[in-house]
Amino acid sequence: FLLTRYQLRGGTIVKAAPTWKPQIVNSKTRLEGLLDQSQLGRGRWRGEYGYIVRLGAARCLFLSAQPGSNVVGATASLLLEIDEAQDVDPEKYSRDFRPMASTTNATTVLYGTARGPDSLLARAQTANRELEARDGIKRNFVYDWRTLGELSDAYERHVRSEIERLGDDHPVVRTQYR
């Protein structure tokens, strides 16, 4: 949506995940497939340097958040997106990724499954709750499998079969779907 919306004006999305392979490669492949299916993107997007997808003047940079990855210098003007944030080192995020949104005050989205109080995602949820209590602006958006199931019958069937197979209290059901 953002690439299509900003293809004439320009802007940059930075998408990070804990690993290059398979997570970033999978994300990049999904975006390319969606652009190929879209009337506004089909035949108009192109890849650059192996880690960028460009549509007109807008682009999405795909970066690994692995501890040793060299990612400094990018600027996120449209969105800074951290996938599987529970598996990204909080210090790596603070030092290398968070500054990417500083000059533009780009929206930052962290998503995944908050595991343990020290994960990046859990820390962000705690900080957001404190800010929400102070100013009343909603910052945390938490959805379980039922919400996503309303959008996808196939997903709902899958989760229901996993609950039936494993049981409602199974760790996989609790951590991956609820």
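User: Which residues of α3 are buried?

Analyst: In this predicted model, the buried residues of α3 (90–97) are Pro90, Lys92, Tyr93, Asp96 and Phe97.

User: What covers the buried residues of α3?

Analyst: The covering elements include the strands β1, β4, β5 and β6, and also the helix α4.

User: α4 comes up there. How many residues does α4 have, and what span does it reach?

Analyst: α4 (120–135) has 16 residues, and the distance from its first C-alpha to its last is 22 Å, close to the 22 Å expected at 1.5 Å a residue. After the helix comes glycine 136, with a positive phi near 75 degrees.

User: Which residues of α4 are buried, and against what do they pack?

Analyst: Leu120, Leu121, Ala122, Gln125, Asn128 and Glu132 are the buried ones. They pack against β5, α3 and β6.

User: Now the pockets. How should I read the largest pocket, and what is its volume?

Analyst: Rolling a probe the size of a water molecule over the atoms shows where empty space is left. The largest pocket in this model has a volume of about 1,200 Å³. Its lining comprises 36 residues, with Leu110, Tyr111, Gly112, Leu121 and Phe141 nearest the centre. One of these, Leu121, is also among the buried residues of α4.

User: Which elements supply at least two residues of that lining, and which gives the largest share?

Analyst: At least two residues each come from β6 (107–110), α4, α5 (145–151) and α7 (171–177). The largest share, five residues, is that of α4.

User: Which peptide bond is cis, and what is its omega?

Analyst: The bond from lysine 21 to proline 22 is cis, with omega near 10 degrees. Proline 22 is in helix α2, the element with the largest share of the second largest pocket's lining.

User: Where does tyrosine 49 lie, and is it buried or exposed?

Analyst: Tyrosine 49 is in the loop between β2 (45–48) and β3 (52–55). Its phi is near 60 degrees, which is positive in a residue other than glycine. Tyrosine 49 counts as exposed because its relative accessibility is 71%, with the cut-off at over 50%.

User: Where is the place of glutamate 84, and why does it count as partly exposed?

Analyst: Glutamate 84 is in the loop between β5 and α3. Its phi, near 50 degrees, is likewise positive in a residue other than glycine. Its relative accessibility is 28%, so glutamate 84 counts as partly exposed.

Terms used
Residues numbered from 1 in each chain as written. Predicted model: local features only at pLDDT ≥ 70, side-chain atom pairs only at ≥ 80, totals over all residues. Heavy atoms only, no water. 1 Å grid on protein atoms, 1.4 Å probe; cavity = no way out; pocket = protein on both sides within 12 Å on 5 of 7 lines; lining within 4 Å. Points joined across faces, edges and corners; volume = space filled by probe spheres on them. Helix = DSSP H or I, 4+ residues; strand = E, 2+ residues; numbered from the N terminus. Expected span 1.5 Å × (residues − 1). Buried < 20%, exposed > 50% of the residue type's maximum accessible area, 1.4 Å probe, protein only. Contact = heavy atoms within 4.5 Å.
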